[in-house]
Amino acid sequence: MRHVLRAVVLSLLLGLAAATQVGVVTAQEPGPPVVKVGTEGTYPPFSFHDPGDRQLTGYDIEVVRAIADRAGWELEFVETQWDAVFPALDSGRIDVIANQVSVNDERRAKYGLSDPYTYSRGVIVRRSGDERIQTLNDLAGRTTAQSSTSNWAQVARDAGAHVEAVEGFAQAAALLTQGRVDAIVNDNIAVLDYLASTGATDIEIVGDAGEETSEQVLAFRKDDTALLDQANRALDALAADGTLAAISQKYFQADVSIPDGGTADLSQGRGPRSTWEVLRGAAWPMFVGLVKVTIPLTALSFAIGLALALLVALARISSHRLLAAPARAFISIIRGTPLLVQLFIVFYGLPQIGLKFDPFLAAVIAFSLNVAGYAAEVIRSAILAVPKGQFEAAATVGLGYAQTLRRIVLPQATRTAVPPLSNTLLSLLKDTSLGSVVLLTELFREAQLAAAESNDFLALYTFAALYYWVICAALSAAQKRLETRLDRYVAK
């Protein structure tokens with residue numbers, strides 16, 4: 001026995017020593033810092049998905065990758081809409097923005113801005129032949145299409161224009177072509193790339209949006225001075241050894257990394273593709289987004305939301321005010337506020353009070369609460385539709401409240417609740433298209449990425465709608481089978 005105890009003690013000591021050695025090695029060899037880079041992925045030629053392999057690429061992407069190689073960073077790219085990228089930086093979801101961030105006084109005061117790595121100018125874009133728009137002064141009282149938080153949006157507002165908010169330049173160009181807006185103010189390089197890649201002749205550059213050169217930088221949080229210093233040192237080195245100039249020449253046939261580096265020539269860039277090529281390239285990424293994000297997000301949110309809805313419904317019909325009042329307030333808040341606002345509160349607002357969730361979990365929380373608010377009233381009405389005599393009969397045979405609900409009331413209420421709850425499920429499936437605002441790349445986000453690169457909106461969005469319709473049709477068929485099964489023992 002003594003030998004056995006000695007062997008056990010010796011084994012424990014050896015294990016502890018090995019664990020200590022492993023811990024020391026780990027502490028001595030930390031991995032490179034992971035830097036999360038926020039970008040649109042829908043702003044060619046700066047940040048977009050290659051139509052061949054669907055990989056994220058572009059001028060800004062290559063620049064930040066070159067910086068990471070110099071600074072020893074490991075990059076993780078986070079794609080989102082432009083108007084959500086600064087809230088993502090503020091809430092700590094990302095560490096840096098690499099998406100042609102223009103310098104202005106407001107950003108300089110709030111964020112840590114790197115040294116400029118792109119110089120460009122703003123231009124005014126109009127419908128071809130629209131002689132009403134000649135200069136910046138002609139925008140007064142007219143409507144332009146811009147990303148609402150971009151530097152160009154402020155230029156348009158200062159000129160007296162009304163700004164229609166859009167996600168990116170491709171959407172703005174579509175609105176201008178359709179006659180929904182009068183003009184666009186944007187970066188000359190982005191406009192030239194659009195014209196070269198689409199072969200569009202229905203819009204044209206009419207002139208400069210002012211005489212000043214616009215400087216583009218990386219944006220960090222104000223207190224993140226370490227990353228900012230590393231980025232500036234890397235930019236200095238990349239400029240000195242010609243790396244920035246080489247990247248610029250690759251995309252623009254000119255050096256836009258220095259002032260007056262030449263006029264960008266995009267005539268040899270990406271050419272237009274056929275609609276069939278666009279759909280063929282986007283079909284698989286959209287399917288992956290459906291399987292990996294849209295369907296799991298729908299299933300998990302609906303299951304959790306349904307469980308919460310049952311609890312809220314039971315509290316709502318309770319005779320105790322301490323239960324009924326909070327339930328009524330919850331339902332009122334959820335049904336009285338937009339789902340998009342709820343998503344922003346959970347994802348961007350809660351981190352300010354220390355509650356930070358990853359994108360998928362944040363979306364599940366927001367969607368589950370939304371489902372609970374609407375489904376609770378469906379379940380409550382289904383329970384109240386069960387005749388009161390059922391409760392009395394259950395009490396007569398000695399069943400308690402919980403047993404009465406589980407064995408008598410809820411089985412009958414389920415048959416009544418299935419059709420409206422199925423509508424809630426179908427709405428939830430389609431609402432997951434809002435997941436892109438919380439950094440999720442789901443089915444519709446994949447369609448947006450492909451549309452931003454190809455400008456083939458009708459075909460891609462129709463194709464995305466087809467995906468949603470097929471899943472909704474399958475769920476409707478499952479609903480019909482469930483209703484048939486629940487009706488087996490109902491007297492006709």
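In this predicted model, the largest cavity is lined by 22 residues, and those nearest its centre are Y43, W82, S150, W152 and N186. The space within the largest cavity amounts to about 220 Å³. Strands β5 (96–102), β9 (143–146) and β11, together with helices α5 and α6, each contribute at least two residues to the lining of this cavity. By class, the lining of the largest cavity comprises eight nonpolar, 10 polar and four charged residues.

Across the whole structure, the search returned three cavities of 30 Å³ or more. At least two lining residues of the second largest cavity come from each of α6, α7 and α16 (443–454), and α7 provides the largest share, four residues. Seven nonpolar, three polar and three charged residues make up the lining of the second largest cavity.

Helix α7, which contributes to the second largest cavity, spans residues 188–198 and is largely enclosed by the rest of the structure, because eight of its 11 residues are buried. The buried residues are N188, I189, A190, V191, D193, Y194, L195 and S197. The surroundings of α7 include both strands and helices: its buried residues pack against the strands β7 (118–120), β8 (122–127), β11 (184–187) and β12 (203–208), and against the helices α6 (169–177) and α9 (243–252). At the N-terminal end, α7 is capped by D187, a side-chain oxygen of which lies 2.7 Å from the backbone nitrogen of I189. Beyond the other end of the helix, α7 is followed by G199, whose phi is positive, near 70 degrees.

The largest pocket has a volume of about 690 Å³. Its lining is formed by 30 residues, of which V103, N104, N151, Q154 and V155 are the closest to the centre. Four elements, α3 (82–90), α4 (105–110), α5 (151–158) and β13 (214–221), each supply at least two residues of this lining. Helix α5 gives the most, with six residues. Helix α5 also supplies at least two residues of the lining of the largest cavity. The lining of the largest pocket is divided by class into 10 nonpolar, 10 polar and 10 charged residues.

Helix α3, one of the contributors to the lining of the largest pocket, contains A88. A88 has a relative accessible area of 0% and is therefore buried. Leaving aside neighbours within four places in sequence, the contacts of A88 are with R93, I94 and Y348. A88 also has F347 at a C-alpha separation of 8.8 Å, although the two residues are 259 residues apart along the chain.

Aromatic pairing was then considered, and the whole structure holds 16 aromatic pairs. One of them joins W82 and F86 in an edge-to-face arrangement, with the ring centres 5.6 Å apart and 85 degrees between the planes. W82 and F86 are separated by about one helical turn, because they stand four residues apart in helix α3. In general, an α-helix has 3.6 residues a turn, so residues three or four places apart point the same way. F347 and Y348 are both buried. Elsewhere, ring pairs connect Y43, F46, Y59, Y117, Y251 and F252 into a cluster. Y43, a member of this cluster, is also listed among the residues nearest the centre of the largest cavity, as is W82.

Key. Residues numbered from 1 in each chain as written. Predicted model: local features only at pLDDT ≥ 70, side-chain atom pairs only at ≥ 80, totals over all residues. Heavy atoms only, no water. 1 Å grid on protein atoms, 1.4 Å probe; cavity = no way out; pocket = protein on both sides within 12 Å on 5 of 7 lines; lining within 4 Å. Points joined across faces, edges and corners; volume = space filled by probe spheres on them. Nonpolar A, V, L, I, M, F, W, Y, C, P; charged D, E, K, R; others polar. Buried < 20%, exposed > 50% of the residue type's maximum accessible area, 1.4 Å probe, protein only. Contact = heavy atoms within 4.5 Å. Polar contact = N/O pair within 3.5 Å; in protein donor to acceptor, adjacent residues only side chain to side chain. Phe/Tyr/Trp six-rings, centres within 6.5 Å; stacked < 30°, edge-to-face > 60°.
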